[in-house]
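Colleague: I am new to this structure and would like a close look at one part. Please take me through the interface between the chains, and then show me what else deserves a glance.

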Amino acid sequence: MTTVLQLPAVAGTHVTIRGLHKSFAGVPLYQEFNLDIPRGKIISIFGPNGCGKSTLINMISGLTAIDSGEILFDGKSLKETDIGYVFQNYRDALFPWMSAWDNIAYPLKRRGLGADKVKARVRELADLFEIKFNLGLFPYELSGGQQQTVCIMRALATKPEILFLDEPFSALDFEMTLFIRAKLQEANLLAGVTMMIVSHDLEDAVFLADRILLLTRRPTRVAEFMHFDMPRPRAPEAVSAPEFIQTKSAALQIFQREMRS
Amino acid sequence: MGKFDTKKLLPLVGPLLLYAVWEFALDSKAIKPVLLPPPMDTLQYLWGSITSGAVNKDLLATILRTVYAFVIATVIGVPLGIALGSSVNLYRSVEFLVDFFRSTPSSALIPLFLLIFGITDTNKVAIAAFAAVLVIIFNSAYGVMNAKKTRVMAAITMGIPRRFIFKDVLLMESLPQTFVGLRGGISMALVIVIVAEMFIGSENGLGHRIIDAQQVFNVKEMYSSILITGALGYVMNLAFLMLERHLIHWSGKA
Ligand SMILES: Nc1ncnc2c1ncn2[C@@H]1O[C@H](COP(=O)(O)OP(=O)(O)O)[C@@H](O)[C@H]1O
Ligand SMILES: [Mg+2]
């Protein structure tokens with residue numbers, strides 16, 4: 001089994017995954033899986049349905065137990081690390097008995113932050129996300145896009161080192177997708193938070209990414225860990241820039257190659 | 001002023017229809033007036049027993065017994081149900097017992113309770129509490145077990161300590177279902193209290209009033225007492241629904 005001692009992380013790595021094994025019902029999903037996730041970057045995860053994209057971020061974030069292997073955050077364990085997680089299904093993720101404001105404030109209050117600091121932090125987030133709706137409303141009184149925005153604000157409230165997002169756009173309309181894509185970039189630039197975003201849409205995946213993690217069918221391997229260095233902030237029109245189209249088609253080629261093999 | 005919406009009158013159709021059928025059954029001589037008094041007479045009698053206060057003692061006795069039984073059942077049932085629901089293994093071990101006794105009409109257990117408690121007031125409250133507690137345990141346990149996993153996972157990723165996840169998330173998640181149990185529990189308590197008042201020697205209570213009137217063939221008193229019992233059950237349910245809508249505002253919306 002590989003450990004970080006035998007295979008040291010490359011410079012600038014935030015999360016180191018070594019010798020990861022995971023099976024479901026005896027069928028292996030990940031075997032001897034190694035990966036270095038760079039600090040402060042946005043990493044898009046793309047791959048065929050059921051290849052283990054969600055399982056990967058769930059294992060890193062501690063929601064799914066691993067069979068064996070190690071996952072370290074700058075050498076620290078998960079316990080010592082602040083993380084944030086944004087679920088695909090925002091309706092089931094927010095607490096409907098609390099207002100949107102209280103949802104965002106909840107992790108801060110539970111950390112024992114004083115009322116003034118909580119207020120200041122929520123206001124900061126509301127400014128960053130240009131909130132124009134009433135945060136005093138309950139989640140079920142908000143539109144889907146507003147709910148997902150609240151989810152992202154809540155996940156960012158504690159200033160986590162790393163933010164996981166599992167298909168955050170899949171239930172949103174196009175306008176809201178554009179908005180949240182822009183805000184995620186801003187949050188990344190502003191706070192330097194590492195982001196791992198699972199996406200089933202190649203355009204979304206490439207648009208946000210510094211790195212695109214292309215996964216194979218199970219048992220899952222890294223097909224390619226592509227770079228995409230287009231300058232930020234990227235405007236919606238970036239999708240028609242030559243370098244964007246080039247990267248997207250390269251990713252598509254790798255994806256199709258893997259599907260055939 | 002807008003036009004009055006006649007649709008608002010629809011709920012009155014059922015009661016008026018019942019009144020008409022009742023009246024018709026008597027006019028057509030299908031049922032003898034000694035078995036079924038005219039509806040207007042019955043309503044007048046009902047009004048009389050309310051305004052004169054004749055029914056107060058029995059009404060109060062029934063309400064008190066039901067409330068005692070319900071409070072005991074709640075105090076035992078909600079914490080027990082939540083505890084059972086938080087441990088799947090624990091719940092599976094007692095699931096059969098809860099389901100079995102929940103499916104057994106509690107009135108069938110009256111003789112058993114008579115052996116234990118004798119012909120006492122405690123007995124009536126005890127058996128009603130027993131019947132209600134099963135409904136409450138079942139619903140509270142399921143409320144916890146069916147809590148949305150995503151909300152619990154969200155709390156885990158926020159680094160919330162376990163005991164707070166239980167209090168802040170699981171408990172809140174179980175509330176809508178717990179309230180369904182409480183509403184079912186108080187209805188159940190009323191049913192059993194009425195039955196107990198009829199068949200376990202009693203000096204008061206609506207059940208006693210109904211059976212007493214029947215034995216001396218005072219049909220007006222019997223029907224008006226039945227109507228009062230029905231109204232009591234209806235009002236209790238309505239009060240709970242309103243409380244529920246206020247406290248559990250997210251129920252059914254999220
Ligand atoms: N709790 C589980 N029990 C059994 N199999 C699971 C479980 N979670 C995921 N899997 C299986 O693991 C594979 C990867 O799942 P997932 O990570 O959700 O895929 P993706 O997000 O890439 O679509 C799928 O084949 C899925 O059926
Ligand atoms: Mg998935």
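Modeller: Side chains of opposite charge can pair when their charged atoms come close. Before we go on, please note that this is a predicted model, in which local features need pLDDT of at least 70 and side-chain atom pairs count only at pLDDT 80 or more, while totals for chains, interfaces and linings use all residues. Residues are numbered from 1 along each chain as its sequence is written, chains are lettered from A and ligands numbered from 1 in the order in which they are written, and side-chain values use heavy atoms, with hydrogens and water left out.

One salt bridge to find in the picture joins K148(B) to D92(A), with 3.7 Å from N to O. Chain B and chain A also share eight residue pairs in polar contact, both residues being at pLDDT 80 or more. A polar contact is a pair of N or O atoms within 3.5 Å; within protein, one must be able to donate a hydrogen and the other to accept it, and residues adjacent in sequence count only if both atoms are side-chain atoms.

On the side of chain B that touches chain A, the elements giving two or more residues are helix 7 (149–157) and helix 8 (162–199) of chain B. Helices (H or I, at least four residues) and strands (E, at least two) are DSSP runs, numbered from the N terminus. Helix 7 of chain B supplies the largest share of that side, seven residues. By type, that side of chain B has eleven nonpolar, three polar and six charged residues. Here Ala, Val, Leu, Ile, Met, Phe, Trp, Tyr, Cys and Pro count as nonpolar, Asp, Glu, Lys and Arg as charged, and the others, Gly among them, as polar.

How many residues does each chain bring? The contact (heavy atoms within 4.5 Å) takes 20 residues from chain B and 18 residues from chain A. The buried area between the two chains is about 2,000 Å², and carbon and sulfur atoms give 68% of it. That is the accessible area (1.4 Å probe) that two parts lose on being put together, summed over both. In chain B, the residues that lose the most area to chain A are R151(B), T157(B) and M158(B), together 32% of what that side buries.

Now for that glance elsewhere, at ligand 1. An oxygen atom of ligand 1 is 2.9 Å from a polar backbone atom of G50(A), and one is 3.4 Å from an N or O atom in the side chain of N49(A).

P219(A) sits in the loop between strand 8 (211–215) and strand 9 (222–227) of chain A. Further along, the peptide bond from R232(A) to P233(A) is cis too, with omega near -5 degrees.

Notes: A salt bridge is a side-chain nitrogen of Lys or Arg within 4 Å of a carboxyl oxygen of Asp or Glu.
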